[in-house]
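Look over the sequence and the model first, then read on.

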Amino acid sequence: MTGETNLQTLLATMHPVLRSGEYVYVLWPHGKPLAPGIEAAVREAEGLTAVLPRAEADALGLKYDFVASWITLEVHSELEAVGLTAAVSRALTDARISCNVLAGFHHDHLLVPVGDSARALEVLTELSAAHTAGEEPAREVKLRSEKAEDREAILGLTAEAFSVSPVTGLPVEGEPVEVDLLRRLFDSDEYLPELSVVAEIDGEIVGHAISTRAWADGLELLGLGPIGVTPRLQRHGIGSALVRETVIRANAAGERGIALLGSTEYYSRFGFVPASSMGIEAPDKLWGDAFQFLPLALWPGGVHGTFRYAKPFSAIESNAEGGKR
């Protein structure tokens, strides 16, 4: 059966389908017989890379870093077709979603971070719909450093984002504590301009994340939060993009690690682990595993001590709702 080669037709007719389960890349042990559960494999000079369900990798005791969802583009593309991979990759890149592409005989397959699978499906569906209608794909989310003139919009966005408690699910009476916290952080000695990041669409600020100077055991670290996304666009990947941008900027600046208080289910996808497992204790022991830490590229190890946030956090450190997503 001959595949399609026309890019416009491919984009207009592609149907992204999410496979069930989670998938991982592993370096297959040299000399080990191949397991029946392997979904894809690439032989390189350094060894054999295999893609298989996460559960099978765990059962075999194989190490992995990247946990992915598997999306199949159900359009029969000719292997010689030009532009499909580039168009899909650009759309996902604009949405700040990383993507690994596998080309099969009949279809192209995308492996994206598990936390971004829902947003990736939306982006791909929008891309297809736009080409069906002859329009441009969805608007791009732009990430940039916060400016002083952004602050009124950021504070308004934060008030909306935290108007319902992420802990109790109930409406917050009066101004959310995150709003006053942000005001104080902007004016504090621990404020770091390049780590106050906004997300905007068509000039409208739709998300914000701030990281400020913090310490543990005499080592300079970062405290991440608050992170806010305008309610109508929550669960559209903007928060994830802000976290990833923060990590990229922090690594580029030579920072050692980032701590936050939030959902272990959500933040583990970015590499955060319970801070106590890294030797760093929460300011409040009641926070437990919700107080998490991400060691960066220059993490020295051997750090033991209680984490100390920027001074404006002191008023809310006894309240776990203060920084929780």
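His15 is partly exposed, because its relative accessible area is 47%, a value between the 20% and 50% cut-offs. The model is predicted.

Position and contacts of His15
- His15 sits in the loop between helix 1 (7-13) and strand 1 (16-18).
- Setting aside residues up to four places away in sequence, His15 touches Thr72, Leu73 and Glu74.
- His15 and Glu74 lie 59 residues apart in sequence, yet their C-alpha atoms are 4.9 Å apart in space.

Nonpolar cores
- The largest nonpolar core holds 31 residues. Leu221, Ile280, Phe291 and Phe307 have the most contacts inside it.
- Several elements supply at least two residues each to this core, among them helix 5 (151-161), strand 9 (191-201) and strand 15 (291-295).
- Helix 6 gives the most to this core, with 5 residues.
- Leu221 touches residues including Trp215, Ile280, Phe293, Trp299 and Phe307.
- A second, separate core has 28 residues, including Val197, Ala199, Leu224 and Phe272.

Helix 5 and helix 6
- The two axes, of helix 5 and helix 6, are 9 Å apart, and the packing angle is about 150°.
- Helix 5 and helix 6 are therefore roughly antiparallel to each other, as the angle is over 145 degrees.
- Helix 5 passes helix 6 in a right-handed crossing.
- Helix 5 makes the contact through Arg151, Ile154, Leu155, Thr158 and Ala159. Helix 6 uses Glu178, Val179, Leu182, Arg183 and Phe186.
- By class, this contact has 6 nonpolar, 1 polar and 3 charged residues.

How values were computed
Residues numbered from 1 in each chain as written. Predicted model: local features only at pLDDT ≥ 70, side-chain atom pairs only at ≥ 80, totals over all residues. Heavy atoms only, no water. Core = buried A, V, L, I, M, F, W, Y, C linked by side-chain atoms within 4.5 Å. Buried < 20%, exposed > 50% of the residue type's maximum accessible area, 1.4 Å probe, protein only. Helix = DSSP H or I, 4+ residues; strand = E, 2+ residues; numbered from the N terminus. Contact = heavy atoms within 4.5 Å. Axes fitted to C-alpha atoms, helices over the stretch in contact; angles between N-to-C directions. Parallel < 35°, antiparallel > 145°, perpendicular 65-115°, else oblique. Left-handed = near helix turned anticlockwise from the far one by under 90°. Nonpolar A, V, L, I, M, F, W, Y, C, P; charged D, E, K, R; others polar.
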